[in-house]
Amino acid sequence: MLKGHQSWLFENKPSILSAATSVGPFEGRGPLAEDFDIVHGELYLGQDSWEKAERAFLEEAAKMAIQHAGLTEGQIQFHFGGDLMNQIISSSFAARTLTIPYLGLFGACSTSMESLALAAYIVNSGGAKHTLAATCSHNSSVEKQFRYPTEYGSQKPPTAQFTVTGAGAAVIGQEGKGPFVTSATIGRVVDMGIKDPFNMGAAMAPAAVDTMEAHFRDLQIEPGYYDLIVTGDLSKVGYEIACDLLKKHNVPMHQTTYSDCGMMIYDYETQNVQSGASGCACSAVVTYGHLLNRMRRGELNRILVVATGALLSPLSFQQNETIPCIAHAVSIEREK
Amino acid sequence: MVSKAKKKLTPVQQEYQALAKKREPSKFTFKNLYRAFLTGGLICLVGEAVQQMFVHFGGYSVKEAASPTVGVMILISVILTCFGIYDKIAQWAGAGTAVPVTGFANAMASAAIEYRRDGIVLGLGGSIFKVAGPVIVFGTIAAFAVGIAYVIFDPNIVGG
């Protein structure tokens, strides 16, 4: 049901039946290692290219999520997914293996919540009994596509972010014990004229703030409604800017705890990741792994995940274009 | 052509960028300067040692030793690139590893490794110069300009 200007309220409370995460070795050395279902010891997963490895991560996470829900691929009506590769090949090729009717999405790193919002919407409206939302990213395939060859020795500036290797998937169903997807806010594209692809946090922060404000306005709630609000992958630089912006706009964020997935997954002391983490998998594995675990343990009752995405391409950057950004918010609650 | 007005930022964008700027750590640090100085110097020291080895043990003259020395330095760089070490040193060293010939070797080798999987001809062949290509193109242009200047300002070269 439409609520306000750009939000959906899911009155039938679609439930997250299961979720699964699969990550690479570098993520396994971070502080959230215990929250991931599978931590791989190497980056290739037995494949012969980064792109194929990325797809393997996604297939694994998706299959595991379906299994955890006690279902088979045939019982899932629709699969929503996307990734960062050109023509979203990781998701589409994984969909070829999964054989679930598929809708490919692209919202850069915001795809994690874009897919969850749509998957929940379809279930809520009775369009499906079960849906799958899955996203992935791979550090090396992203480096190869957007930046330099992985072994090229270029120094990354302190605003740069490290793309998470891994995949996260969730199965949404009409009936379940929760956690429940209760509402979602679809963001607008915001472009504040940032051009530097090594400063994505600063580019995306205004989009995140715009979506958060829209969410509070549409649902007529205050930040205090949530135990935790997380943005997707603003990382240290973007997070600080977002805090400044929220303060400037008089959003009472002191009522809640505000954090960023990009700052949670790696250890700044021992892992050299500059500003923090990014990628489709960043918000996906933190939400589907760490945050859902905390909800199951009863530490969190209501969370809002605001996944952020920088909608640039290697070409748009070369043609001197600024970086348009987007953010989608999904609220997850432990009780109906 | 993109109009210049389009490239200009709106007042809101300008205001935001001023706000964001305050939170962005500076790319320039003195730490980077001394690290680049240290590693750049160290690479040159290794190069000098290799050259002296060729002179003392190989029987080369100092001038003749230059080419095999460059060869050895390139080999070391390529080996470090293959083992995934060079990029880690580069993150620490910055310009210190980018400027010497080892940086160029790394640019070629890293591209070769990366695009090999996309096929020998279109992948390796088509993309090996992806990073190093601009250096060669503009290096050639710069050399051409310097060559012309040399002919104009040094009359001895004509007919020499």
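Student: How are residues and chains numbered and lettered, and which pLDDT limits apply?
Tutor: Residues are numbered from 1 along each chain as its sequence is written, and chains are lettered from A in the order in which they are written. Side-chain values use heavy atoms, without hydrogens and water, and in this predicted model local features need pLDDT of at least 70, while side-chain atom pairs count only at pLDDT 80 or more.

Student: How many residues does the contact take from chain A and from chain B?
Tutor: Contact here means heavy atoms within 4.5 Å. By that rule, chain B gives 32 residues and chain A gives 36 residues.

Student: How many salt bridges cross the interface of chain A and chain B?
Tutor: A salt bridge is a side-chain nitrogen of Lys or Arg within 4 Å of a carboxyl oxygen of Asp or Glu. Lys144(A) pairs in this way with Asp118(B), with the closest N and O atoms 3.1 Å apart. Another salt bridge joins Arg23(B) and Glu240(A), at 3.9 Å. Across the interface the rule finds five.

Student: Where do Arg23(B) and Glu240(A) lie?
Tutor: Helices (H or I, at least four residues) and strands (E, at least two) are DSSP runs, numbered from the N terminus. Arg23(B) is in the loop between α2 (11-21) and α3 (30-58) of chain B, and Glu240(A) is in helix α7 of chain A.

Student: Which elements of chain B each supply at least two residues of the nonpolar patch?
Tutor: Such a patch joins nonpolar side chains (Val, Leu, Ile, Met, Phe, Trp, Tyr) within 5 Å, from residues with over 30% relative accessible area (Shrake-Rupley, 1.4 Å probe) and no salt bridge. This one covers about 520 Å², and its residues include Val70(B), Phe104(B) and Val135(B). Val135(B) is placed in helix α9 of chain B. The elements are α4 (66-82), α7 (101-115) and α9 (133-153).

Student: What is phi of Lys13(A)?
Tutor: Lys13(A) sits in the loop between β2 (7-9) and β3 (15-23) of chain A. Its phi is positive, in a residue other than glycine, and near 50 degrees.

Notes: Patches are made of residues with over 30% relative accessible area and no salt bridge: like charges are joined within 9 Å, nonpolar side chains (Val, Leu, Ile, Met, Phe, Trp, Tyr) within 5 Å.
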